[in-house]
Amino acid sequence: TIDDNLSLLERVVRYVRSGIALQRLVHVKMIAETAKAVGTESTMNSLLPLLPALVSDSESIIRQHLATQLLPLCLTCMFGDDPNFDPKNKTHATPRVYNQGGYAIATVKLVSHMTTLIKDSDMDVRKAASDALATLALYIRSEDIPGIILRIPLQLVHDEKNRNIPKQTNNQNNPNDSISDDLCISASHLLADVASISSEQVPPKMVSQHISPTVIALCKHPNFRVRRAAVQALPRVMSGSSIDDVHSNLMTSFVKLSQDEVYRVRKGVGECLVDMSRSLMLLANDRYVGDGNSKGSRDPRDYARMTKEELKSLMRDLRRKHLVPICIRLLQDSNTIVRHGMMQFLGPFIASFYPLDGGGDQNEDDGIVGALTRKNEKAPGGMGVQFFPHANGMVTRLNPENICSPISMPGIIQPPLEKQPRLDSKEYLVSLLPEFLEKCDNNSKSLVNILRHRSKYPADKEDIAIVDRSLLPPYVDLATMNTGDDNVDAEMRVYCAYSLPAVVLLLGKDGWDKGLKQCFLKLITGSPTEQNTSVSFVPLPVKRCLASSFHTICSMLGPSAMKASAEEEGKKEDLLTIFEVHFLRDTDDTVRLNVIRNLPSFLSLLSFSKRSKYLPVLCEIIRGDTMLASKRKNALNPMLLNWRQRDMIAQILPNLICLYRPDQVRQYLWPIVKTLLNDSVNLVRQNIEWSIPILLKCYEFNNCLAGRVDRDDAQTASTFSQESCNEVFVFLKSTLLDNRLTSSKATTCGAFSKRQSYCRILSATALVLRLHETTDSSKAPNGDSDNVDELFPYAVNPFYSLTPESYTHLHHLLRTLFLPPALAMKDDRVTNVRLTLAKCLRVMPHDIRDRGEAKTILRTLEDEIETWEGGGGQHMDVQLTKIKPAYASPVKSKGSPSKKISVKGMQMDDHGDKKGGQYDDDSMSLASI
């Protein structure tokens, strides 16, 4: 048993020497955490003496986890006394303060343990130790890397060369040869990881001098497994080497390996073509050292004096001269596995010709490369993963700090406490918006940024020409591939569909007309070919993939592609018909879900007349049996089988409402909102609540008047606006407050949950008003923006697009119509309803919140919350999120973390959702006060 009375250090010291393997494993995982807690001195005196025995432990899993702990131990020894050390900062802008004794121990003793583990017989142990050693190179002195880090893989390869064992025939297996080859493979990957580190830490000269010759030697190794590992290492070595070394040595080795006698090596070459192409272009960015005023160089070998455009032109020429012929040769290889492997990467290889970086000699314009490397974890959606998955992966592989990041390891750095935004600040208000709204907005902006980038920095004409001539025909053929094996054919179609958006981005409308359109039609319809006159089956993964990317393809082609000819409409090959027949009406739930997710983006490409004409069809499909009216059920989960589709419809409705006139919204979209407000799934109901303020904004008088020819229709527009808003209020009041359903479809929520829902709708309406108040009008677009930005404008965010008239309209409705019933809930007997009301009042506009009855009620509720948090004589465990007033208030506030109400063994979140128990009645769901 474990003695819990021991301190953390005593516990680790005792149980890493236990005879029970599980106890040793658990406490080996705690070594880094313990080192951080006890400091550098105790680590060196107490923990390091434990390592020799663990390095030779009989259990490989223990040795593997020990290898992951060595890097944090090194950092603790080197920087444990430096309070300013930040593992996230891998630059040397500020000099690092090393503990000299700890630095010596880390680079000698701990590195020797890593060396032992790199030579381990277990592959996972070698991989973990190699990753730790490569990442350590980021933190030691640059001049020490050759003697401390590189000497280990170089020694492994050198020992292999000195063995001089003759090459065995295929039917002879020598265990010693296998181990030796495994060490060479580990050395190859380790060298590649170190080479791809930032050039500030590992200069190109170091790579060319120490790493490139060794990797080139491994390319000639007699064992094909080692040569294949060397192929995989070449792109990363190339990214860190000098241009001269790439031009003279590395590319030559890669070309030779593409003609290797062993098919597995040739297949590996095909798999690495994408990374080679990307690394060539990233190399031009990284090796440019000019100031933007370079005149260029007449000497083709004088790379230092070249402009950035000259370097990129040189790299593009290398790609066309060497990589494209390799691709063509592998597509025609005599071995089926090699051919199919190259077909798998053909689409990504074509996409790699798209210029990810910026233009000219401007160092600050890093184009999409910067967008791929600058990751914002808090922002849902994103450019890199969504539109450039292969490029994003290449950028990740060229940053080895991601290999064995010490940040994710326990004990190295405490995760910083998130700074709470100031109440009433824009950051605080934005944080109250649901994530799906932000994700939708970010995805839309990312797509616009891609289109702007393509317009500013078009692909090189020679690249486009060679792709059209040599690579596009075999890519289009993937859509109709007929090998006689249905599984292989389906797999190739999936590869083709997955890369289609990136290929369309590169080739544009011209490429679409030349062959990509027919490729798309054959993929989605299974059209017959000259070789096969029967219509082929469309694999489900192909339809799902195309449904996700359909709006992206249409956006890249532009609104002109949505205009169909009479011939296309007759053959049902126009994009709108394909969208309806093959996606929106598809029998597969996932296909429909994928296309619904991006429905507003697709509809925005249509002209208003076509969009309006299509609205009845769209609503008929949405309200049909496959979506809102679905009767699919099973014994365990009745009426919930398609709830994700309904939830996705709820998420897109705010953007969908903005695309249509108020009369269209009232006739077609408002019934959908009413249906979803009575949905049986709580998440669907919560998400559709965010459509109500957008709906009310749509009913503003000027929106109702827009498009009318006769200005005398102002009275009609005013009447329509009033009736529409009253209709919304009457429905909400009868459904949520009076607890009367408008249909026979029963919901599972109680009356108290409906009252909470009403308060949340008011909160959403107030947020629209508050966000308008915090918007900086000085940052609005002006006439000075460039033409590209005007050609590809950002989509209007429904929560940030209030006009002064819309603000007045919403404010009046909120204050006079919607708020009074909510204020009556101040004496509600359900705790969570009063809490939700307090949160609702908290985000009200200042002229409502800080005046009159609302101000008095908010203070009363805050006093009550103070009582809950302080105990207040209540004989139950009541813990609520603290609401701090933004204005000067006599009520004292004490910060407390977000918590949950817990009553009699039943937990509920602040929305009133049941987490346990069987209660649904008001009096039984929560204790009443």
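In the predicted model, aspartate 463 and arginine 319 are both buried, and their side chains meet in a salt bridge with an N to O distance of 3.1 Å. Because aspartate 463 belongs to helix H23 (residues 461-477) and arginine 319 to helix H15 (residues 308-331), the pair ties together parts that are 144 residues apart in sequence.

A salt bridge is also formed by the side chains of aspartate 586 and lysine 543, again at 3.1 Å from N to O. Aspartate 586 is placed in the loop between helix H27 (575-584) and helix H28 (589-597), while lysine 543 is part of helix H25 (residues 540-557), so that this contact links parts lying 43 residues apart in sequence. Aspartate 586 counts as buried because its relative accessibility is 8%, and lysine 543, at 16% relative accessibility, likewise counts as buried.

The side chains of arginine 585 and glutamate 620 meet in a further salt bridge, at 3.2 Å from N to O. Since arginine 585 lies in the loop between H27 and H28 and glutamate 620 in helix H30 (residues 608-622), the pair ties together parts that are 35 residues apart in sequence. Arginine 585 is partly exposed, its relative accessible area being 39%, and glutamate 620 counts as partly exposed at 45% relative accessibility.

Beyond individual pairs, salt bridges that share partners join Arg316, Asp317, Arg319, Arg320, Asp460, Glu462 and Asp463 into one network. For the model, the count comes to 36 salt bridges.

Notes:
Residues numbered from 1 in each chain as written. Predicted model: local features only at pLDDT ≥ 70, side-chain atom pairs only at ≥ 80, totals over all residues. Heavy atoms only, no water. Salt bridge = Lys/Arg side-chain N within 4 Å of Asp/Glu carboxyl O. Helix = DSSP H or I, 4+ residues; strand = E, 2+ residues; numbered from the N terminus. Buried < 20%, exposed > 50% of the residue type's maximum accessible area, 1.4 Å probe, protein only.
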